[in-house]
Amino acid sequence: MWLDPSNPQLNRNGELHHLLSLEGLPASILWQILDTAKSFAGVTEREVKKVPLLRGKAVFNLFFEPSTRTRTTFEIAAKRLSADVINLAINISSQTKGETVLDTVANLAAMQADMFVVRHGASGAPYLIAKHVAPEIHVINAGDGRHAHPTQGLLDMFTIRHYKHDFSGLRVAIIGDILHSRVARSHINALTTLGCPEIRVIAPKTLLPSNAESLGVHVYHDMRQGLKDVDVVMALRLQNERMQGALLASAQEFFKYYGLTEEKLELAKPDAIVLHPGPMNRGVEIDSSVADGRQSVIMPQVTFGIAIRMAVMSILAGN
Amino acid sequence: MPGKPLPDAEQLLQALIAKMRPEVGPETGLIGIHTGGVWLAERLHRELGLKIPCGTLDVSFYRDDYERIGLHRDVKRSDIPFEVEGRPLVLVDDVLYTGRTIRAAMNELFDYGRPQSIRLAALIDRGGRELPIAAQWVGAAIEIDPREGIELKRDEGERLSLALYGRSAPDVA
């Protein structure tokens with residue numbers, strides 16, 4: 001086995017071989033990705049926005065769940081690294097899910113794939129794929145069920161660092177549907193590893209995992225208390241498609257208590273920044289005046305996502 | 001050769017400046033290669049009295065050893081604060097050896113534009129070229145045991161010096 005059995009993302013030298021989750025990754029690897037992304041951000045400002053690192057490599061975007069932003073930014077990132085990109089949107093039949101996934105992957109591997117970027121509705125699907133691919137193939141998790149979305153977590157860390165420079169004095173609030181959010185989990189893991197001293201989650205009880213406090217975060221149910229004096233506000237999308245049963249009275253009700261409005265944002269620090277991983281439900285978790293307001297860094301997040309994905313792919317392919 | 005003293009980097013720099021002065025015009029763009037080359041470019045820029053700010057290159061994204069050893073850690077951001085198109089350029093590096101770094105640097109420069117010309121200044125030419133690349137100006141050509149590396153260092157007072165470091169195995173491609 002060439003991978004570290006205690007953390008199947010790392011090879012025996014402790015280098016990143018797959019990117020499946022930010023959980024359990026050492027700070028040195030997170031900093032390496034963030035620093036490398038900074039250099040790639042410079043590349044995207046040039047006349048020729050391409051570097052030759054992945055020339056001749058084939059990157060397969062395997063999307064078992066729909067996505068526009070993530071798939072597109074992975075595609076742009078791979079192309080700017082000079083890789084060949086093949087996009088596959090796959091519909092799966094629920095009965096034969098496991099078998100279908102591995103069969104699909106085996107067939108694509110036979111077409112000389114070098115890297116799989118995987119989005120799947122089932123938590124753990126990228127792990128299953130990583131376990132079955134040949135040792136020279138790298139797997140990147142582009143979002144699996146409720147579990148993790150590591151590149152989104154990283155690009156948000158890049159965004160926070162870009163505006164706030166340092167994590168050591170920051171108070172960060174994550175608002176909304178924590179329960180269904182793979183992004184929130186990646187945020188909490190990354191912020192903790194990078195030394196953020198105070199992470200707050202603000203959500204109704206029905207949208208919080210039962211073990212929220214054991215993740216090392218401070219739990220608030222009231223926006224007005226939770227937003228007080230924070231430096232960074234991360235709004236999450238209300239994930240209606242993952243909800244089973246009545247967790248919420250209505251979207252209007254949610255907006256009333258947990259929607260990010262200008263009035264509530266005033267309780268945060270005056271220079272607080274507002275992030276949202278997209279796609280936004282305007283008027284549900286975030287008001288349009290905040291989404292388009294002066295504290296919003298939602299569009300820069302998208303741009304930074306390209307540099308982060310270039311960094312992850314080039315580090316993985318080199319290890 | 002063990003025991004043979006290394007030349008003084010500050011003296012080599014003065015020699016380099018004297019050679020470059022008559023041949024480098026004010027419109028020339030200086031570009032230092034990280035990290036030693038950037039220190040040298042800053043000093044050359046000051047002492048040659050050039051107007052255009054210095055550029056810096058980190059060639060990690062263009063190296064030909066990526067396939068073998070992966071992406072270098074601690075990649076710096078390349079920054080060329082002037083128009084490359086049509087401009088005479090001087091690449092600056094501390095040690096000229098195989099020529100592969102210079103090949104990578106030239107490839108990167110052409111992604112910024114088409115320069116009028118590229119010349120090369122190096123503090124030390126230690127031989128051992130693997131590509132058809134030569135410097136216009138060198139501080140000194142010296143022979144170094146292929147099992148050893150040589151690097152430029154800078155102290156807090158910005159004084160430059162040279163140091164040898166041992167290699168566990170000969171680095172031959």
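# Notebook: chains A and B

I began with contacts inside chain B: of those with a separation of 6 or more, 68% are between residues 24 or more positions apart. A reminder to myself: this is a predicted model.

**Chain B, overall.** I looked up the elements next and found four helices and seven strands. As for burial, 37% of the 173 residues of chain B count as buried.

**Helix α2 of chain B.** I checked the span of this helix, residues 36-48. With 13 residues at 1.5 Å a residue, α2 should span 18 Å, and its end C-alpha atoms are 18 Å apart, which agrees. Which residues of α2(B) are buried? I listed B:G36, B:G37, B:V38, B:W39, B:L40, B:A41, B:R43, B:L44 and B:H45.

**Where the chains meet.** I found 17 residues of chain A and 16 residues of chain B in the contact. On the chain B side, seven of the residues are charged, six nonpolar and three polar.

**Chain A, two domains.** I looked up the division of chain A: domain 1 covers 3-149 + 303-318, and domain 2 covers 150-297. The centres of the two domains, taken over C-alpha atoms, are 25 Å apart. Their contact uses 26 residues from domain 1 and 22 residues from domain 2. On the domain 1 side, the elements giving two or more residues are α1 (27-43), β6 (138-144) and α11 (298-318) of chain A. I sorted that side by class and got 14 nonpolar, seven polar and five charged residues.

**One residue, A:L260.** I found A:L260 in the loop between α8 (251-258) and α9 (262-265) of chain A. Is A:L260 buried or exposed? A:L260 is buried, because 27 other C-beta atoms lie within 10 Å, and the cut-off for buried is 20 or more. Beyond its neighbours within four places in sequence, A:L260 has contacts that include A:I175, A:V233, A:A235, A:V274 and A:V290. Among the others are A:E285, A:I286 and A:D287. I also checked A:R282, which is 22 residues from A:L260 in sequence and 9.8 Å away in space, C-alpha to C-alpha.

How values were computed. Residues are numbered from 1 along each chain as its sequence is written. Chains are lettered from A and ligands numbered from 1 in the order in which they are written. This is a predicted model: local features need pLDDT of at least 70, side-chain atom pairs count only at pLDDT 80 or more; totals for chains, interfaces and linings use all residues. Two residues are in contact if their C-beta atoms, placed from the backbone, lie within 7 Å. Ala, Val, Leu, Ile, Met, Phe, Trp, Tyr, Cys and Pro count as nonpolar, Asp, Glu, Lys and Arg as charged, and the others, Gly among them, as polar. A residue is buried if 20 or more other C-beta atoms lie within 10 Å of its own, exposed if 12 or fewer, and partly exposed in between; C-beta atoms are placed from the backbone. The expected span of a helix is 1.5 Å times one less than its number of residues. Domain bounds come from an automatic or database domain assignment.
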